[in-house]
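Here's a quick briefing on rings and charges. Have the model open as you read.

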Amino acid sequence: QVQLVESGGGLVQAGGSLSVSCAMSGGTFSRCAMGWFRQAPGQEREFVAAISWNGVNKDYADSVKDRLTISRDNAKTTVYLQMNYLKPEDTAVYYCAADFRGSRYRVSRDPKQYDYWGQGTQVTVSS
């Protein structure tokens, strides 16, 4: 059974930085693309970033481009999201997700394409 566990969320001031991680167990990490999504209170879950199995293909939501960076370490079966120049509107629960069904080169923005999800980690940016 694939399990995803996020860590590293917390409280940061606007303009600051934070890094969140997601570790996979129970699956072949190098066979899947990975994504990060977020959900703020009262809002739908939205795409943040995605990365192909080898880290070559990446995609970012326009709202986070040039501020957030997705990366992965297949040896550690972990995907990362480095967040810089954080804004109050980045406040949300951040979820990682694994896409095993599609091509591992695919980076999808559609949450329906992802098979497994973590429990989420809270990121709060104060103004």
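The charged end of Arg45 sits over the ring of Trp117, 4.7 Å from the ring centre; that label needs NZ of Lys or CZ of Arg within 6 Å of the ring centre and within 35 degrees of the ring normal. Keep in mind that this is a predicted model: local features need pLDDT of at least 70, side-chain atom pairs count only at pLDDT 80 or more, and totals for chains, interfaces and linings use all residues. Residues are numbered from 1 along each chain as its sequence is written, and side-chain values use heavy atoms, with hydrogens and water left out.

**Rings**
- Arg104 does likewise with Trp53: its charged end sits over that ring, 4.0 Å from the centre.
- Trp117 also belongs to an aromatic cluster with Phe37, Phe47 and Tyr114.
- Six aromatic pairs turn up in the structure (ring centres of Phe, Tyr or the six-membered ring of Trp within 6.5 Å; planes under 30 degrees apart are stacked, over 60 edge-to-face, the rest tilted).
- One of them is Phe37 with Trp117, tilted at 55° with 5.0 Å between centres.
- Phe37 is buried at 0% relative accessible area, while Trp117 is partly exposed at 27% (buried is under 20%, exposed over 50%, partly exposed in between, with a 1.4 Å probe and protein chains only).

**Salt bridges**
- There are seven salt bridges in the whole structure (a side-chain nitrogen of Lys or Arg within 4 Å of a carboxyl oxygen of Asp or Glu).
- Arg38 and Glu46 pair at 2.6 Å, N to O, and both join Arg67 and Asp90 in a salt-bridge network.
- Arg38 is buried at 6%, whereas Glu46 is partly exposed at 32%.
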